[in-house]
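Let's take a friendly walk through a protein model together. Please have a look at the sequence and the 3D view, and then read on.

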Amino acid sequence: MLTEMNSCPSDVIRWCLISMAEKLKCEDMIMAFKAKELQPEMDCLYGGNTTACLEMIWRGDADLISLDAGDVYIAGRRYGLIPIASEDYGDMSMKFKAVAAIKKTDQQTTLFNMKGRRSCHPGIGRGDGWVIPLNIFIETEQFLPKDCTIFRNIGELFSRSCIPGSLDTEYNPGGRPINLCEGCKSNGYGKCQRNNDELYYGTSGAFRCLVESKFHFLFKY
């Protein structure tokens with residue numbers, strides 16, 4: 001891929017970032033590219049959230065973004081974007097699977113008795129933290145959504161959660177129930193944001209949520 005990038009007709013590749021933490025990583029990557037004299041040059045653009053970055057790419061104001069599998073689907077369906085690269089762990093036949101994790105001392109929580117539990121999720125709309133868990137809950141008949149009641153159903157299923165982005169009107173126009181975000185860590189504007197401004201966002205954030213709080217389980221890839 002790096003060889004192909006060296007033949008790219010663009011002078012600068014504009015990478016869109018959804019958080020300041022991502023922006024810092026991008027700036028480190030710029031330095032690494034320069035050290036190896038790789039072309040084209042890179043520029044790090046701060047979009048603030050996934051939707052804003054997808055819109056920037058769609059308008060031609062940015063070129064690339066790193067996405068979760070759930071976001072790749074949205075990018076293709078809403079904005080006509082396509083994936084051009086994926087991580088290679090040496091076995092391209094390997095498939096990602098979402099797993100649910102609980103504390104070793106918890107002898108009661110299972111996938112089939114979620115009612116009243118406290119949950120940690122990497123983020124709204126993600127494959128691991130939203131799409132796959134919802135399918136499991138519906139298949140096991142822990143709730144049966146009707147007329148777009150999915151957020152209310154999740155709020156009634158769990159007593160408290162951290163699902164970053166779950167009150168964002170982009171995903172949840174009603175902005176309720178608030179217990180979907182009550183378990184999140186950050187304060188002020190960063191609380192429950194679907195980016196690294198929320199300390200419990202993403203896979204590592206969901207792990208911190210489970211370890212640091214009195215929550216029961218998490219979903220992750």
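## A cavity and its lining

Helix 4 gives the largest share of the lining of the largest cavity, namely four residues. Before going on, note that this is a predicted model, in which local features need pLDDT of at least 70 and side-chain atom pairs count only at pLDDT 80 or more, while totals for chains, interfaces and linings use all residues. Residues are numbered from 1 along each chain as its sequence is written, and side-chain values use heavy atoms, with hydrogens and water left out.

Helices (H or I, at least four residues) and strands (E, at least two) are DSSP runs, numbered from the N terminus. Rolling a probe the size of a water molecule over the atoms shows where empty space is left. Here a cavity is a set of points, on a 1 Å grid over the protein atoms alone, where a 1.4 Å probe fits but cannot get out, and lining residues have an atom within 4 Å of a point. A volume is the space filled by probe spheres set on the points, which are joined across faces, edges and corners.

How many cavities of 30 Å³ or more does the structure hold? There is one, and the largest cavity contains about 60 Å³ of space. Its lining is made up of T50, T51, L54, D71, I74, R78, Y79, E170 and Y171. Helix 3 and helix 4 each supply at least two of the lining residues. Sorted by class, the lining has four nonpolar, two polar and three charged residues. In this sorting, Ala, Val, Leu, Ile, Met, Phe, Trp, Tyr, Cys and Pro are nonpolar, Asp, Glu, Lys and Arg are charged, and the others, Gly among them, are polar.

## Helix 3 up close

Helix 3 covers residues 50-59, and its buried residues (under 20% relative accessible area, with a 1.4 Å probe and protein chains only) are T50, T51, C53, L54, M56 and I57. What do these buried residues pack against? Their partners are strand 1 (12-17), strand 2 (41-46) and helix 4 (69-79), where contact means heavy atoms within 4.5 Å.

At the N-terminal end, N49 caps helix 3, with a side-chain oxygen 3.2 Å from the backbone nitrogen of T51; a polar contact is a pair of N or O atoms within 3.5 Å. After helix 3 comes G60, which has a positive phi near 90°.

## The disulfides

A disulfide is a pair of cysteine sulfur atoms within 2.5 Å, and by this rule there are five.

| Pair | S to S distance |
|---|---|
| C26 and C44 | 2.1 Å |
| C120 and C209 | 2.1 Å |

The torsion about the S-S bond of C16 and C53 is about -80°, so this disulfide is left-handed. C16 belongs to strand 1 and C53 to helix 3, so the pair ties together parts that are 37 residues apart in sequence. C16 counts as buried because its relative accessibility is 0%, and C53 is buried at 0% as well.

The link of C26 and C44 is left-handed, with -90° about the S-S bond. This pair links distant parts of the chain, with C26 in helix 2 (residues 20-35) and C44 in strand 2, 18 residues apart.

For C120 and C209, the torsion is about -70°, so this disulfide is left-handed. C120 and C209 are both buried.

Methods
Buried means under 20% relative accessible area, exposed over 50%, partly exposed in between (1.4 Å probe, protein chains only). A polar contact is a pair of N or O atoms within 3.5 Å; within protein, one must be able to donate a hydrogen and the other to accept it, and residues adjacent in sequence count only if both atoms are side-chain atoms. On a 1 Å grid over the protein atoms alone, a cavity is a set of points where a 1.4 Å probe fits but cannot get out, and a pocket is an open set with protein on both sides within 12 Å along at least five of seven lines; lining residues have an atom within 4 Å of a point.
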